[in-house]
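Here's a quick briefing for anyone opening this structure for the first time. Take a look at the sequence and the model, then read on.

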Amino acid sequence: MHNAAEIFEVTGLTEKGDGIAQLGPRQIFISGALPGETVSARLTDIKPRYAQAEMISVLDASKQRVAAFCKHHQCGGCQIAHLDYQAQLQLKRQRLVAALTKAGLTPAVAPCLGMATPLGFRNKALYSVQESGGGFEIGFYKKHSHQLVAADDCPVQGAKVSALLTQVRQWMQAFAISGYNEAKHSGQVRGIMVREGRNSGQWMLVLVALTAHLPGLDDLRQRFREHCPWLSTLVLNINAEPGNRVLGFQEQVLMGPGYIEEQLAALRFHVSAQSFFQINPSQTEQLYAKALEFAELTGKERVFDLYCGAGSISLFLAAKAKEVIGVEVVAQAVADAKTNAALNGVENAHFYLGKAEQVVPALYQQGIRADVVVVDPPRKGCDSALLNTLVAMAPKTLVYVSCDVDSLARDLVILCQQGFVVDKVQPLDMFPHSLHVETLARLTYKQ
């Protein structure tokens, strides 16, 4: 059964971008297949209720299928790169509408805001370095696996990433530095993170290693100075823990200041290795402008910016508000937020370190309440203690920024059951060629 090819009619897509077909009682998930297509595929992983399948050929192609723009199409990053871009935008809006409808919500949903050119948009790249046959390989993990797809370039990353990786590769070869063996938790270098200040022209490279004791670091610095003089800073991050966490907590700055600068609209930001910063600068400006539009600030409001990260949305809001209070659980992000406020001369933004579901109830008990609230939580959405406090606080406007349609729908239902009404919903494409969709929802308190 594992080796025989089968013919499948594809009817839908999973949240990971696999085509959905049926074979008897099992759902079949086929990587690379599109709805409406007839494909030949071979089952590879059979479970009682479903099976994974490897596509062999497309027998009847969708009119929305496009040629691959990347030779590394097996990596897990661009799940729907084979789908026409306008169709991608329509699909993302459909996913959002379906999640809201399933939850019993029927607000009007605007068309998804896309990009004119959806390539080269990422300002951050994460490459794995894996032990391979006495040497190492640099690349991305294949979809549904920890099998590495070797890649020194990527069409959705900045153009200079390949040159940086070339210098790391040559340095590792010159000093016989090993890649990471996940099974044995051994090796020296386990990953490379590259960040670009798209509007500043500054670049950062973070070398993620199991140990701080790496040979030839002076040689690596010299290589970058000679061949990549535009590299602004080099950081060694030590992550000796097993597991999938990318960065460890210990760092050494090997070259430059340890951060890069970036600019969004008229605001400047310091971005360190550990800072959260949106990966698509042009779409981030659209996102923040829309959040500011939804907030409808007059200059008299106190605004809470919850899960504020390095304070990027906070500083946009501060230009139109009386006061902004940002709350964030990551200490480095709060430090960055305070630095960025000072960098831009913003004096009406203040930042608290802690969990939003603990800090906001404490502020409310002290009589500190918001007229407008902006929340931008992680994929899991908002904690119930936070939602309950927001209901009690009853701000006139709540702007919910979400990267997950299901947790967004769940939280909107809770808020709408207790006095809020969803006025506007705007999807935005922050991650072209993937199924991820960023959403802004504006709620007003009516009860």
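This is a predicted model: local features need pLDDT of at least 70, side-chain atom pairs count only at pLDDT 80 or more; totals for chains, interfaces and linings use all residues.

**Helix α7**
- Helix α7 covers residues 356-365, and its buried residues are Ala 356, Val 359, Val 360 and Leu 363.
- Look down the axis of α7 and the buried residues fall within an arc of 95°, so they line one face of the helix.
- As for what the buried residues of α7 pack against, that's the strands β16 (302-306), β17 (323-328) and β18 (349-353), plus helix α8 (384-393).

**Ala 409 in helix α9**
- Ala 409 sits in helix α9, which spans residues 405-416.
- Its relative accessibility is 3%, so Ala 409 counts as buried, the cut-off being under 20%.
- Ala 409 and Val 97 are 312 residues apart along the chain, yet 9.6 Å separates their C-alpha atoms.
- Setting aside neighbours within four places in sequence, Ala 409 is in contact with Ala 99, Leu 100, Ala 103 and Leu 105.

**Positive phi without glycine**
- As background, most residues other than glycine have a negative phi.
- Tyr 307 isn't a glycine, but it has a positive phi of about 60°.
- You'll find Tyr 307 in the loop between β16 and α5 (312-318).
- His 433 is another non-glycine with a positive phi, in this case about 75°.
- The loop between β21 (420-428) and β22 (438-445) is where His 433 is found.
- His 433 has a relative accessible area of 4%, so it is buried.

**Cavities**
- The structure has 2 cavities of 30 Å³ or more.
- Lining the largest cavity are Asn 123, Arg 195, Glu 196, Gly 197, Ile 260, Glu 262, Val 271 and Phe 277.
- Sorted by class, that lining of the largest cavity has 3 nonpolar, 2 polar and 3 charged residues.
- Strands β10 (189-196) and β14 (259-264) each supply at least two residues of the lining of the largest cavity.
- The second largest cavity is lined by residues including Arg 122, Lys 124, Gln 157, Val 161 and Trp 203.
- Its lining splits into 4 nonpolar, 3 polar and 3 charged residues, with β7 (124-132) and β10 each giving at least two.

**An open sheet**
- An open sheet is built from 6 strands in the order β1-β5-β6-β4-β3-β2, with mixed pairing.
- At its edges are β1 (5-9) and β2 (12-13), each of which pairs on one side only.
- Strand β2 runs antiparallel to β3 (residues 19-23), and 2 bridges join them.
- Opposite Gly 19 in β3 stands Leu 13.

Definitions and conventions. Residues are numbered from 1 along each chain as its sequence is written. Side-chain values use heavy atoms; hydrogens and water are left out. On a 1 Å grid over the protein atoms alone, a cavity is a set of points where a 1.4 Å probe fits but cannot get out, and a pocket is an open set with protein on both sides within 12 Å along at least five of seven lines; lining residues have an atom within 4 Å of a point. Grid points are joined across faces, edges and corners, and a volume is the space filled by probe spheres set on the points. Helices (H or I, at least four residues) and strands (E, at least two) are DSSP runs, numbered from the N terminus. Ala, Val, Leu, Ile, Met, Phe, Trp, Tyr, Cys and Pro count as nonpolar, Asp, Glu, Lys and Arg as charged, and the others, Gly among them, as polar. Buried means under 20% relative accessible area, exposed over 50%, partly exposed in between (1.4 Å probe, protein chains only). The arc is that of the directions from the helix axis to the C-beta atoms. Contact means heavy atoms within 4.5 Å. Two strands pair if DSSP finds at least two bridges between them.
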